[in-house]
Amino acid sequence: VALLLSGMQMDAETVMAGLLHDTVEDTDLTFEQVEAMFGATVRQIVEGETKVSKLPKLAFADYADEQAENLRQMFIAMTDDYRIIIVKLADRLHNMRTLKFMKPEKQKKISRETLDIFAPLAHRMGIWQVKSELEDISFMYLYPDEYKKVNSILNQRRKKIEDTLDHSVKVLKETLRNDPTLLGQDVEIEVVGRTKEIYSLWHKMEMKHDRNLDHIADLVALRVILTPGASFVQDQQAADSGVWLCYHVLGLVQHLPNFTPMPTKVKDYISFPKPNGYQSLHTALMYKGQSVEVQIRTAHMHTVAEYGMASHWAYHDEKKRSSSIDLYNTPWLSSIKEWQQEAVGSRDFVDCVRRELLGKRVFVFLRNGKILNLARGTTAMDAAFQIHTEVGLNMHGVEINGKPVPFHYELHNGDVVSILTGEGKPSTDWMRYAKSRSTRSKLRAYFRSQQNDNVLKSGEIIFFDYLSNHRNEILESSYIERPFDIPTTVDELQAFLPGSSRYEDV
């Protein structure tokens with residue numbers, strides 16, 4: 001586990017925690033002793049990971065209450081410091097690599113748990129290396145027949161795939177090596193080829209209901225990694241150096257000899273990074289009927305792509321690490337804390353995390369160009385409340401791509417969303433249109449506040465009616481010596497209250 005964490009270039013405290021992660025459970029060592037010997041940070045990570053290790057044995061359809069509560073505790077533990085979950089991911093990967101020594105029932109349970117929770121979590125954190133290996137091993141134990149079929153299909157095509165890969169790498173290397181612009185730059189260029197991971201390949205074929213490998217765009221993929229030299233880094237920050245060269249290389253790739261470009265397959269994740277920080281340029285070419293994907297990125301982008309949130313440690317010095325709490329948290333982890341404050345059952349909580357944080361995402365644009373990253377299946381109403389609570393509460397209409405749509409319209413990738421505000425007033429029907437927990441929570445808070453306002457107003461009317469109906473009796477029996485009249489408004493009542501009391505104090 002510690003070696004895996006070291007390979008991710010994690011900080012010393014996390015590597016130490018990786019070495020110690022099982023000691024408190026398996027020996028007489030206490031958390032206090034861990035803190036005394038290795039410091040408070042190591043103790044926090046070890047203690048958090050120990051809580052996480054109380055992981056449930058997930059059922060195939062649902063969770064038992066105790067199992068769901070254990071998962072809930074896992075998610076909450078990781079919100080304090082995401083290094084806790086990175087240690088757990090490394091531990092899980094190590095366990096999966098040794099799964100062959102366990103009984104078949106145990107293999108299936110752990111694999112299901114991994115595919116449902118840990119692989120999506122690794123994906124959400126951007127740790128691609130871990131995600132891919134967790135998925136492939138889980139797939140092998142959960143769906144052995146499908147695993148063999150996909151392997152068989154690959155083996156039948158392996159010669160053609162390898163020939164395409166070798167030829168593509170050779171042509172691309174030669175093109176980049178002879179480009180005058182690149183020759184004049186202080187940059188190291190690496191070109192590597194790979195075939196698509198087996199689980200990812202099977203999943204894509206299942207989603208498309210198509211087992212023809214020729215129709216899988218990224219079955220064969222090339223990766224161009226640009227490592228700027230010292231002169232680049234001196235002029236620009238490490239994260240920004242060499243970006244313009246990526247776009248230059250994209251132009252060269254589109255004109256490779258004997259390859260046909262596929263313009264509709266160009267994706268710019270440099271200008272529009274994925275939520276987990278992933279940046280790269282993607283394009284696709286056709287060679288002798290075989291699609292070839294090409295990814296272009298800088299060395300910094302490659303580190304982020306492979307290690308995700310763990311890669312922060314490679315680009316932050318010790319001073320920044322110790323002073324910035326943002327390094328240990330992210331907005332999507334913070335939302336887990338917000339949900340925890342609501343009185344919801346463990347099953348609802350876990351289902352919400354799996355659906356809204358670890359599930360598929362949809363990306364939509366606002367009129368000002370801002371991108372909203374939402375859970376797939378969310379509605380136009382959810383988008384309004386995601387922008388701001390007041391925008392949601394005051395909305396009276398929605399336009400998608402310039403056309404009016406109902407509040408319950410389900411958003412799709414690339415939609416341009418325009419929220420019309422000013423005359424809106426929420427009704428209880430809105431609860432049916434809200435799909436995200438955050439939106440429903442904000443609506444419930446609004447309805448509660450309206451209910452409280454109505455109760456106060458009713459109390460005010462009853463109170464002043466009482467004073468009016470008993471006016472003569474009050475005037476006759478009052479202890480106030482000076483002349484006065486019965487108050488009929490809140491302001492008039494204020495004068496009768498002692499000191500600086502306000503009406504709300506009554």
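Buried, in this talk, is under 20% relative accessible area, exposed is over 50%, and partly exposed is in between, using a 1.4 Å probe and protein chains only. By that scale K274, at 31% relative accessibility, is partly exposed.

Some ground rules. This is a predicted model, in which local features need pLDDT of at least 70 and side-chain atom pairs count only at pLDDT 80 or more, while totals for chains, interfaces and linings use all residues. Residues are numbered from 1 along each chain as its sequence is written, and side-chain values use heavy atoms, with hydrogens and water left out.

I'll stay with K274 for a moment. K274 sits in the loop between strand 4 (267-268) and strand 5 (281-287). Helices (H or I, at least four residues) and strands (E, at least two) are DSSP runs numbered from the N terminus.

Next, salt bridges. The term means a side-chain nitrogen of Lys or Arg within 4 Å of a carboxyl oxygen of Asp or Glu. How many salt bridges does a search of the whole structure find? It finds 12.

One of them pairs R83 with D11, at 2.7 Å from N to O. R83 is in helix 7 (residues 83-97) and D11 is in the loop between helix 1 (2-7) and helix 2 (12-20), so this bridge ties together parts that are 72 residues apart in sequence. Both ends are buried: R83 has a relative accessible area of 3%, and D11 has 4%.

E135 and K131 also form a salt bridge, with the closest N and O atoms 3.0 Å apart. These two are 4 residues apart in helix 9 (residues 128-142), about one helical turn. E135 and K131 are both buried.

For contrast in setting, take R471 and D485, bridged at 2.9 Å between the closest N and O atoms. R471 lies in helix 23 (residues 471-477) and D485 in the loop between helix 23 and helix 24 (490-494), so the pair ties together parts 14 residues apart in sequence. R471 is partly exposed at 34%, and D485 is partly exposed at 46%. Elsewhere, E32, E35, R43 and E47 are linked in a network of salt bridges.

Now the interior. A nonpolar core is a set of buried Ala, Val, Leu, Ile, Met, Phe, Trp, Tyr and Cys residues joined through side-chain atoms within 4.5 Å. The largest one has 43 residues, and L172, L176, V224, V249, V294 and I296 touch the most other members. Elements giving two or more residues to this core include helix 10 (144-177), strand 2 (220-228) and strand 6 (290-298). Which element gives the largest share of this core? Helix 10, with 9 residues.

N258 has a positive phi near 70° and is exposed at 68%. N401 has a positive phi of about 55° and is partly exposed at 45%.
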